[in-house]
Amino acid sequence: SGRDRMPEFFEQVLIVVAGAVIGGVTGLTVMLFKSGIAATREFTYQGGYSDFVDYFQRAIGKAGLVPGGIPSTINLEFVMYPLLGGIVTSLLLFATRTGTKGDFGPALSGQLEELQRGRPVSLPRFVARETAAIAALGTGCSLGPEGPSVEIGITISRVASDLLSLDGSLRKVL
């Protein structure tokens, strides 16, 4: 009868609406993520850190630490820029070690495994992981073209599934 089908219909509408909201929130979060990368890149290559690297290079030359100065064939920036990303990532791991269990959480396949096991999302891990990704990408390191964006979407989907108290099969759909 029509009444028996209504709850199923509403469940399907709920999934479509939740998917649309998750997609929109994911898009906005990815936009913030990419803005963070751009700001980090600007700071690294044209801002304060770039000035620091130039100063450091001149100071090494003036101090005579390298006889004859740093050869023009050696670009100190190629070492110093990614070093900043590594330092920021290490500091994040150190600063968040109690809330994140000393790591940034599982990779993409591990996130799917956690979803299947019904484990809740660790928001401190998520924030630390994405901040580290911003630092890495903004300083010239590579993480792959869409890895962080996909992880943002999965995390937002998992949070929405928790808020809506969806069962395992519906969590996988979202």
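Helices (H or I, at least four residues) and strands (E, at least two) are taken as DSSP runs and are numbered from the N terminus. In those terms, H6 is followed by Gly140, whose phi is positive, near 105°. The model is a predicted one, in which local features need pLDDT of at least 70 and side-chain atom pairs count only at pLDDT 80 or more, while totals for chains, interfaces and linings use all residues. Residues are numbered from 1 along each chain as its sequence is written, and side-chain values use heavy atoms, with hydrogens and water left out.

**Helix H6**

- The 16 residues of H6 should span 22 Å at 1.5 Å a residue, and its end C-alpha atoms are 22 Å apart, which agrees; the expected span of a helix is 1.5 Å times one less than its number of residues.
- Because 12 of the 16 residues of H6 are buried, this helix is largely enclosed by the rest of the structure; buried means under 20% relative accessible area, exposed over 50%, and partly exposed in between (1.4 Å probe, protein chains only).
- The buried residues of H6 include Arg125, Phe126, Ala128, Arg129 and Glu130, and also Ala132, Ala133, Ile134, Ala135, Ala136, Leu137 and Gly138.
- Arg129 lies in helix H6 and counts as buried because its relative accessible area is 18%.
- Not counting residues up to four places away in sequence, Arg129 touches Phe104, Gly105, Pro106, Ala107 and Glu151, where contact means heavy atoms within 4.5 Å.
- Ala136, which also has its place in helix H6, counts as buried at 12% relative accessibility.
- With residues up to four places away in sequence not counted, Ala136 touches Cys141 and Leu143.
- Ala136 and Gly85 are 51 residues apart in sequence, yet 4.7 Å apart in space, C-alpha to C-alpha.

**Helix H7**

- At 1.5 Å a residue the 17 residues of H7 should span 24 Å, and the end C-alpha atoms of H7 are 25 Å apart, which agrees.
- Among the buried residues of H7 are Pro148, Glu151, Ile152, Gly153, Ile154 and Thr155, together with Ile156, Ser157, Arg158, Ala160 and Ser161.
- H7 is followed by Ser165, whose phi is positive, near 55°.

**Nonpolar cores**

- The largest nonpolar core has 11 residues, namely Ile22, Val30, Phe33, Ile37, Phe126, Ala133, Ile134, Leu137, Ile152, Ile156 and Ala160; such a core is a set of buried Ala, Val, Leu, Ile, Met, Phe, Trp, Tyr and Cys residues joined through side-chain atoms within 4.5 Å.
- The elements that give two or more residues to this core are helix H1 (2-45), H6 and H7.
- Apart from this core lies another, of 7 residues, among them Val53, Ile60, Leu76 and Leu84.
- Ile152, a member of the largest core, touches Thr26, Thr29, Val30, Phe33, Phe126 and Glu130, not counting residues up to four places away in sequence.

**Largest pocket**

- About 240 Å³ of space lies in the largest pocket. On a 1 Å grid over the protein atoms alone, a pocket is an open set of points where a 1.4 Å probe fits, with protein on both sides within 12 Å along at least five of seven lines, and lining residues have an atom within 4 Å of a point. Grid points are joined across faces, edges and corners, and a volume is the space filled by probe spheres set on the points.
- Of the 15 residues that line the largest pocket, the closest to its centre are Pro106, Glu114, Pro120, Ser122 and Arg125.
- Helix H5 (108-117), helix H6 (123-138) and helix H7 (147-163) are the elements that give two or more residues to the lining of the largest pocket, and H6 gives the most, with 3 residues.
- By class, the lining of the largest pocket has 5 nonpolar, 4 polar and 6 charged residues, where Ala, Val, Leu, Ile, Met, Phe, Trp, Tyr, Cys and Pro count as nonpolar, Asp, Glu, Lys and Arg as charged, and the others, Gly among them, as polar.

- Helix H3 (residues 77-95) has 19 residues and reaches 27 Å from its first C-alpha to its last, close to the 27 Å expected at 1.5 Å a residue.
- Gln57 has its place in helix H2 (residues 48-63) and is partly exposed, with a relative accessible area of 24%.
- Leaving aside neighbours within four places in sequence, Gln57 is in contact with Ile70, Ile74 and Leu76.
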